[in-house]
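Subject: Structure handover

Hi,

Here is the structure for you to look through. My notes follow below it.

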Amino acid sequence: MSSSDIDGDSVPFTLLVRGASAVLTADGPESSDAGLTLASRAGDAVGIRGHEVAWIGPETALPHGLVTRGTEFLDAEGGLVVPGFVDCHSHVVFAGDRSEEFALRSLDVDAVGITRSGGGIISTVFATRAKDEDALIRLALPRLERLLAHGVTTLEVKSGYGLTLEDELKLLRVVRRLGSLQPVTLVPTFLWMHALPPEWASDRAGFLALGRRTLEAVVREGLAEFADAFVEQGAFTPEEARSFLTEAKRLGLRLRLHVDQLSAGRGAELAAELGAVSADHLECVSPQGIAALARAGVTAVLMPVATLVLRRPTYAPGKALREAGVPVALASNVNPGSAPTENLSLSLGLACLLNGLTPDEALLGVTRWGAQALGRTDVGRLKVGGPADLLVLGCREVAHLSAHLGVRHARAVVKGGRVVLRANDGARCP
Ligand code: NIG
């Protein structure tokens, strides 16, 4: 595509982003080894018409007549322009605070000790059940605001803190309402198999049967795009997940799985067998699991913040996954336990330091591959005719994004063609 490509329309741009050091589209050709480049377009400007990207190229070659008095300008002031970030794994709707667990881990208390002291996923389930939809919305909105400030324009959100029919529907309805209350696009996932609530401790089969009835209600109401399961010792077995997720797939949901996080459990192989869109966590994935993901075309989702916060000894093998040809996405995993932060920028740095990714790969992980982990090809890249979700960064180099750990790099966020955030504090080109 040449810089003069436009969508054939002569209607003026509504917004022109100009003055970028480069526009990184993440829209290069597919490659078999997942070694995609960031596809820097020779250009420094993006013309937007309504919700869509209409033109990308050098400002000196702007198509005549498309910039008029009605066109709004956004000056990148020498920063990079990149696609809006796609954060493909979060548990952002919850109540309660579990900072105490962070303190306990600093005293070497393990997961069993944390559960005994009243913490863990189930404590969030109790806190979340106690809140109504409005209260959960009030709690989630500032988290979404912080994610947006870090450049997230599309976010996957799981249920999994309700675990009764009514509470899971409540959570997914909250996600739906949140989608229309703020700019970030939300992609809902039904996560029934997150933890076994104590009232079902002696009746796993009963809990799973209720899950199936809840699944049917979720599908009837059109509340989720994906179904998910936490496959782990102490959570759910591969057999339980296989049966439940096969039913979810039959009912039209796509699949994603939490696998091989705390122990090697052939979870990646299960994700591959089920044709999941993504396999998430993967700290303990085996070489056979990696090969299975590559063969089945499953996208890996790494969340180094959780590995760090849980003080786990092993980080997911990002480099080995990439070398095997598995696309590697990165996600924040926002939740009150293992990832109590909306700072997706931190994940970029940690992925380079601890998962063996390069800064370019880390950026692809929150753009192109983040979108692929949601089965999306429209977002996570910039292309003419695609949604105008983009970031103006306060840096000129991709490496800066990962090197400056946890810094908020987004100087402006454009969502659906609208400037939804301008940061006046910091985020300046060095
Ligand atoms: O993705 N692994 C399971 N679920 C979450 C943790 C949620 C929680 O601790 O509340 C995760 O890390």
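Start at G252. This residue comes just after helix α7 and takes a positive phi of about 105°. Keep in mind that the model is predicted.

**Helix α7**

Helix α7 covers residues 238-250. Its 13 residues should span 18 Å at 1.5 Å a residue, and its end C-alpha atoms are 18 Å apart, so the two agree. The buried residues of α7 are E240, A241, F244, L245, E247 and A248. They cover an arc of only 150° around the axis, so they sit on the same side of α7. E239 and R250 are on the other side, and they are exposed.

What do the buried residues of α7 pack against? Two helices are among the partners: α6 (204-220) and α8 (267-274). The strands are β10 (185-193), β11 (226-230) and β12 (254-259).

Two residues other than glycine deserve a look. L163 has a phi near 60°, a positive value. It lies in the loop between β9 and α5 (165-179). L163 counts as buried because its relative accessibility is 0%, and the cut-off is under 20%.

D260 has a positive phi as well, near 50°. Its place is the loop between β12 and α8. With a relative accessibility of 2%, D260 therefore counts as buried.

**Aromatic pairs**

How many aromatic pairs does a search of the whole structure find? It finds seven. In one of them, the ring centres of F94 and Y161 are 6.4 Å apart. Their planes meet at 75°, so this pair is edge-to-face; the cut-off for that class is over 60 degrees. The pair links distant parts of the chain, 67 residues apart. F94 is in the loop between β8 (85-87) and α1 (99-106), while Y161 is in the loop between β9 and α5. Both F94 and Y161 are buried.

W200 and F207 form a tilted pair. Their centres are 6.3 Å apart, with 55° between the planes. F207 has a relative accessible area of 0%, so it is buried. Ring pairs also build a cluster from F190, W192, W200, F207, F236 and F244. F244 is also one of the buried residues of α7.

**Cysteines**

How many disulfides turn up in a search of the whole structure? The search finds zero. C88 is in no disulfide, and the nearest cysteine sulfur, that of C352, is 16 Å away. The cut-off for a disulfide is 2.5 Å between the sulfur atoms. C88 has 0% relative accessibility and so counts as buried. C395, also at 0% relative accessibility, therefore counts as buried.

**Confidence**

The mean pLDDT of the protein is 94. Of its residues, 93% reach 70 or more. Where is confidence lowest, and where is it highest? The lowest mean is 60, in strand β3 (residues 40-41). The highest is 99, in strand β9 (residues 152-158).

Two stretches call for caution. Over residues 1-6, pLDDT stays under 50, and the model has 17 contacts beyond four places in sequence for them. Over residues 32-36, pLDDT also stays under 50, with 15 such contacts in the model.

Best wishes

Conventions:
Residues numbered from 1 in each chain as written. Predicted model: local features only at pLDDT ≥ 70, side-chain atom pairs only at ≥ 80, totals over all residues. Heavy atoms only, no water. pLDDT = per-residue confidence, 0-100. Helix = DSSP H or I, 4+ residues; strand = E, 2+ residues; numbered from the N terminus. Contact = heavy atoms within 4.5 Å. Buried < 20%, exposed > 50% of the residue type's maximum accessible area, 1.4 Å probe, protein only. Expected span 1.5 Å × (residues − 1). Arc of directions from axis to C-beta. Phe/Tyr/Trp six-rings, centres within 6.5 Å; stacked < 30°, edge-to-face > 60°.
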